[in-house]
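Take a look at the fold below. Keep the viewer open while you read.

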Amino acid sequence: MNNNNNEIPNWRDIARPEQIFPEGDKESWLWLILAGRGFGKTRTGAEAIMELVNSGKYKHIAIVAKTAKEARDVMVEGISGLLSTTIAQKMFKNKEEKIEDPSILNFKFYRSRNMIEWENGARAYLIGGDNYEKIRGYQFDLVWMDEFAKYRHPEETWHQILFSLRLGDDPRCIITTTPKPLKILKKLMESPFTHLTTGSTFQNAENLSKRFIKTITETYGNTWLGKQELEGQLVMTKENTVWKREDIQYREIERSNLQRVVVGVDPAVSNSENSDETGIIVAGLGYDEKIYILDDLSGKYTPQEWAKTTCRAVHDYGASCIVAEVNNGGDLVGEMIKTIEPFAPFKTVRAIKGKIARAEPVALLYSNNKVFHQKDFLNLEEQMLSLSYDEPPEKSPDRVDALVWALTELKNRENYVGFDIIRF
């Protein structure tokens, strides 16, 4: 990069080869960038959009994020967004110095209207994938979708984008995302119309904090999470486990769309350096008959601490029932709960079958797309994916046990009778 602060370099002079838009292949009209955090995905997408619009070929553009607010805050105004691209900076500089550069189109960002307009009439609309039905009626020749894997409805959003990408003789789409094991993402990777670019966090290490690189390497090296979040790999399957990575799907839900919430607890009865964690999982049944994992509050607690945390979760989520395993704690479990909240809706369960036998019916719900995680629950998912038929887990999977108790309670409809939502 040129060190003269008065000169703004061209993107192609400073970008890595994998960050340059792949031209000349009309068959591969989707550029899918799957890469780790900090790779430079957003900057790559922003620079590509600016180059393509300034070419004069594209005039009907969609800028799509999980929400319209994220599209504005990250894809336009963010540190790597459209307003920070080399073309945008040159345009601003030229405007200040009254220098005309015919290769750069002036543009305006209408923040209140979620729209960018260039002087040649090209327009970009900021759209949230959460409201994918609003895409109906639009038609585009160029689309950029950022962090596609975190959309609430990725497949439905993609279908609407496909229907709208119908203008011009060479409509294009760019997707920039850190991967998650979504089936739609796997299909796009394997599609003949996809130009796939992969990359890791470490390819951009010179522009990232050395402390950050050191910390994430030590923390996530040689883990499935590191492969996904740092190396940008689509981690789908681990051999012979109860849960498969691709079966853990993500979707958010509004509280008003839940018909019942429970808190599953697998309590630890001691609190020392070698003690197990207490598993505390909040799960809800939606009116769509899907189950949603709302929160993972597990951790190392004293009995009083986990009882307080559990009762607070009942209050915060409007849960109708606490389901707690009493194999180890016996009467102590109920006593601790009642000490904190005497009228807490409480139910005890006792494990008779082994962990895998208890977990299999719940894992089947996942494989049948009946369960969704509200967000990444990394420690919970690590335990789920480590539960193997071949060998016992290194540590007690307390989060998984709490998950199993909560989901077993929700899937047994006969248990619904007699419980009302309690709000403390």
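What follows covers a sheet, the helices across it, and the aromatic rings.

The model is predicted: local features need pLDDT of at least 70, side-chain atom pairs count only at pLDDT 80 or more, and totals for chains, interfaces and linings use all residues. Residues are numbered from 1 along each chain as its sequence is written, and side-chain values use heavy atoms, with hydrogens and water left out.

Start with the sheet. Helices (H or I, at least four residues) and strands (E, at least two) are DSSP runs, numbered from the N terminus. Two strands pair if DSSP finds at least two bridges between them. Here 7 strands form an open sheet in the order 9-15-12-11-10-13-14, with mixed pairing. Strand 9 (249-250) and strand 14 (346-349) stand at the edges with a single partner strand each, so one side of each is left without a neighbour in the sheet. Strand 11 (residues 279-286) and strand 12 (residues 291-296) run antiparallel, joined by 5 bridges. I281 has D296 in strand 12 as its bridge partner.

Now the helices. Contact means heavy atoms within 4.5 Å. Axes are lines fitted to C-alpha atoms, for helices over the stretch in contact, and angles run from 0 to 180 degrees between N-to-C directions. Helix 9 (residues 303-317) lies across strands including strand 10 (258-266), and runs at about 175° to strand 10. Helix 13 (residues 398-411) also lies across strand 10, among others, and runs at about 30° to strand 11.

Turn to the rings. Rings of Phe, Tyr and Trp (its six-membered ring) pair if their centres lie within 6.5 Å; planes under 30 degrees apart count as stacked, over 60 as edge-to-face and the rest as tilted. The whole structure holds 10 aromatic pairs. W29 and W158 have ring centres 6.4 Å apart and planes at 5°, so this pair is stacked. W29 lies in the loop between helix 1 (11-14) and strand 1 (30-35), and W158 in helix 5 (residues 154-164), so the pair ties together parts 129 residues apart in sequence. Ring pairs link W29, W158 and F193 into a cluster.

W243 and Y366 make an edge-to-face pair, because their ring centres are 5.8 Å apart and their planes stand at 90°. W243 sits in the loop between helix 8 (224-229) and strand 9, and Y366 in helix 11 (residues 355-367), 123 residues apart. Buried means under 20% relative accessible area, exposed over 50%, partly exposed in between (1.4 Å probe, protein chains only). W243 is buried at 1%, and Y366 is buried at 0%.
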